[in-house]
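Thanks for making time this morning.

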Amino acid sequence: MPFIPHTDADTAAMLRAIGVADIEALFDEIPDRLRSAPSGTPRAGLSEMEMRRRFAERAAQDAMGPCFVGAGCYDHHIPAAVWDLASRGEFMTAYTPYQAEASQGTLQVIYEFQTMLCELTGMDACNASVYEGGAGLAEAVLMAVRANRKAARAGWPRTVPMAGAVHPLYVRATRSIVCNQGIDVPMLPYGEDGRVDLTALDGLAPPPVALVVQQPNFFGVLEDVDAIADWAAERGTLLVACVNPLSLALLKPPSAWGSVGANIVCGDGQPLGVPMASGGPSFGFLCSRQALVRQLPGRIVGRTEDARGEAGFTLTLQAREQHIRRAKATSNICTNQGLLVTAATIHMSLLGAAGLREVAAASCAKTRELVQALGRPRRFSAPCFHECVIDLGRPATPVVEALARDGLLGGLALGPYFAELAHCVLVCATERRTSAEIERFATALRGALSN
Amino acid sequence: MGAQTIFDLSQPGRGAGAQRPSPAAADDLPPELRRDAPPRLPQVSELQALRHYTNLSRANFSIDSQFYPLGSCTMKYNPRGAHRAASEPGFLARHPLAPASVSQGFLACLHDLQELLKDAAGMPAMSLTPMAGAQGEFAGVAMIRAWHDAQGDASRREILVPAGAHGTNPATAAMCGCTVREVAVRDHGDVDLDALKAAVGANTAGLMMTNPSTCGVFERRVTDIADIVHDAGGLLYYDGANLNAILGKAKPGDMGFDVLHFNLHKTFATPHGGGGPGAGPVGATARLAPFLPGPIVERTDDDYQWVEPAQSIGRLSAFMGNAGILLRALAYALMLGTEGERRVGEFATLNANYLAARLKDAGFDLAWPKRRASHEFIITLAALARRHGVTAMDFAKRLLDFGVHAPTTYFPLMVPECLLIEPTETECKEELDAFVAAMECILAEAKSDPETVRTAPHAMPVKRLDDVKAARELDLRWRPQ
């Protein structure tokens, strides 16, 4: 009964007011044969101290040295203020801001967030988040299929090819979600340079409804996004861009890819102030051109006026959403990742464009230093961002396991994702990695490879 | 507040200098892939940002600052201890793709939670990956669909929902490529069994429902409902939105449900975060277990391992769902223990029935006066609206002035001018009495001075907002003047 405040006197007075003898009487509408108690050995409740001790022990069990894995989740520095602020009860324990007048804090944060993501991506609109990168990509694909009216009119097959180096776990999540609507998600091959090879699509008629490309891609390689965007635009294919938001401090925004840019932009916001924390909670974002705003799923905040004409914020375009539109909604999403959006907004405010650019540049530089120190060949020839695939010349999984036993996350072995890359690891060094840690990795890897 | 944004505070050349890493060049990036102009993010000092967001937080209602009787949302106390436990440095620093061999502490926690939830569900299998209730629903309906397909019965594509179901139910069915049919609800809040019998058939994939229902009452003939659906070849989905009412008292698995989701951000007290994150673990009976989304933690003789169920509907996220929320839920469940779990359902129900009795005495109309309230109940202000021109929305807005978050309004849709009220078990009697006093006061105002109620709120940072203008003149981002 750790959090129930009732005294015996309270309970007695309340039962009297209801007019029943005991609490059990309140359950008299549940048929007896459905009444049950927890099975197995009763568990005594733990005090907070005991519970914390158990968690501390288990967390300590998993403590690791420096992390050289990225693959969609990055070990960046997070300013102390970010989570001090985001953990304020007024942010953390508020509900969805349906009562706008009592939720101006959350609503304004989301409006500021939408603005920041529009600035990074070059898009016109952004929603208040989806669950994470993989599920967000699924929403982007569903949105693209809904939005491509030309394809629907002409009866193009519901096929959305993905560039071969889109994050394989995003691809899996997307397929599990969109297959229920009869959408096919074939993979395009990647070339020796690590970039997508669009020639597989040449001559395909009709063209695909939409095309997904990730920049930087899963291999850390930079795609030729201008050519891809032009290819899609020429054919009436909508382009879905999956991006690392941090990279956009340095890289061309998807709105400026090719002559017309991408139509929908999605990605995972973890690099913006969210701890790795086993991959969640993080948040996904979904941005679009103005023309597609009514196809965006999830919550959107707009600025409006109150009865006095003062500026204020409210959820808007709710006729897209499940609580209004039910079976005709753009998505079933309700709860999103609001608190992570709050953290990301504060993070971006503290770093600003210059800070994000420096973090991105420092991460690129550290990764180059790492690749140099490891002394193994790069697998792909095209320029990379802050991740890189290197070839160990032997099956990589046992090497990574051996490094882990030494307390070091020495990259991600790619065999489980790409059988042809079983000798390769994907490595990443963020701005947090020191030269000493890089040297430690290089030494450990030499040791592991010499066994 | 005047809605001064962080962008309005920005000055060129300003910034939070302590947050900048030492400068590095990224000279080798191809020039054609670089951006021309920097994004216009705020340029503010650390103190400016801190003060701005601290002040914004103060413009919010929250559980930590106000009573929040928001029906169907279970806004109970979110223990800080659980938040701190999940924020152990070892957990925050764990990379999602770290090998299982160096993740045994984390996997042990997930395994413990799986076992706890299986027991609460009365089901033998559990997947923790869905990231919110709606994603749990998606997993459940996708599993039902996959099960029918595996039986060679791909024609079953219709999902039944009782009238008044949460909007996520029909939206989920549609997202899973199914059609939706509503089944009527009778006068006392129970599903109309004759209508259900008429609705089921060879196309029925399954039925989605909550119990207690969205009417705030326990569906007494739930096993009859299960029999009708099962006899027609369909399966039953339990929406865990209202599980707080029966935690430790009854189990969905015993009622005949085949698959369910939990809302850990409701029943297991994890914070709502201003809209999320949540977590929506999915439980299943033995015949549906092979279809669960992965990964699931399995305990072997030596250690814990990730496994993917044999006929899994697949992954629903790149990694392990909202892992941090799962840890918070486990921390909460450990503090409750078995006895504490049972008391959750008991005191949530006591508080709701007490409030219902007090409001009835104060002259409010209960939607189903002859029924026991579950953990929540509905009042209808239809008579008041007719007589005084004061709506449920007006009442809700006026409550804000009394420092109480509004109950859920206009849900379920079939009850006119309704408020759905859920006090939760963590509120003390004094808080409930203060709520009744506020409701009595507004009722008196509605009669004597309806204009004050109609124009509420008066004590919030903003007056009532113009939603029509917001939708017609879309302003979704700040722009420089």
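Before I place anything between strands, let me say that a strand here is a DSSP run of E of at least two residues, that a helix is a run of H or I of at least four, and that both are numbered from the N terminus. Please also keep in mind that what you see is a predicted model.

With that convention, B:Pro295 sits in the loop of chain B between β7, residues 282-284, and β8, residues 296-299, and the peptide bond that joins B:Gly294 to B:Pro295 is cis, with omega at about -5°. A cis bond also joins B:Phe411 and B:Pro412, where omega is about 0°, and B:Pro412 belongs to the loop between β12 (408-409) and β13 (418-421) of chain B.

Let me step back to chain A as a whole. Chain A contains 13 helices and 10 strands, and its C-alpha trace spans about 80 × 60 × 50 Å along the principal axes. Of its 451 residues, 66% count as buried, while the chain exposes about 14,300 Å², of which carbon and sulfur atoms supply 52%. If we take the contacts in chain A with a separation of 6 or more, 73% of them are between residues 24 or more positions apart.

A:Ser278, in the loop between β4 (264-268) and β5 (284-288), has a positive phi near 60° although it is a residue other than glycine, and its relative accessibility is 2%, so it counts as buried. A:Asp406, in the loop between α12 (396-405) and β9 (412-413), is by contrast exposed, with a relative accessible area of 51%, and the cut-off for that class is over 50%. A:Asp406 and A:Arg88 are 318 residues apart in sequence, and their C-alpha atoms are 38 Å apart in space.

Now to the loop between α1 and α2 of chain B, which holds B:Leu70 and also B:Ser72. B:Leu70 is buried at 6% relative accessible area, and the residues it touches include A:Tyr95, as well as B:His405, B:Ala406 and B:Pro407.

I will finish with helices of chain B. Helix α6, residues 168-175, is mostly covered, with 7 of its 8 residues buried, including B:Thr168, B:Pro170 and B:Met175. After α6 of chain B comes B:Gly177, whose phi is positive, near 75°.

How do α13, residues 392-401, and α14, residues 429-448, of chain B pack, and at what angle? Their axes are 10 Å apart and the angle is about 125°, which makes α13 of chain B oblique to α14 of chain B. The crossing of the two is right-handed. On the α13 side the contact is made by B:Phe395, B:Arg398 and B:Leu399, and on the α14 side the residues include B:Phe435, B:Ile442 and B:Glu445. By class, that contact has 8 nonpolar, no polar and 2 charged residues.

Methods. Residues numbered from 1 in each chain as written. Chains lettered and ligands numbered in written order. Predicted model: local features only at pLDDT ≥ 70, side-chain atom pairs only at ≥ 80, totals over all residues. Heavy atoms only, no water. Axes fitted to C-alpha atoms, helices over the stretch in contact; angles between N-to-C directions. Parallel < 35°, antiparallel > 145°, perpendicular 65-115°, else oblique. Left-handed = near helix turned anticlockwise from the far one by under 90°. Contact = heavy atoms within 4.5 Å. Nonpolar A, V, L, I, M, F, W, Y, C, P; charged D, E, K, R; others polar. Buried < 20%, exposed > 50% of the residue type's maximum accessible area, 1.4 Å probe, protein only. Areas by Shrake-Rupley, 256 points an atom, 1.4 Å probe, with all protein chains shown as cover. Lists of a residue's contacts leave out its neighbours within four places in sequence.
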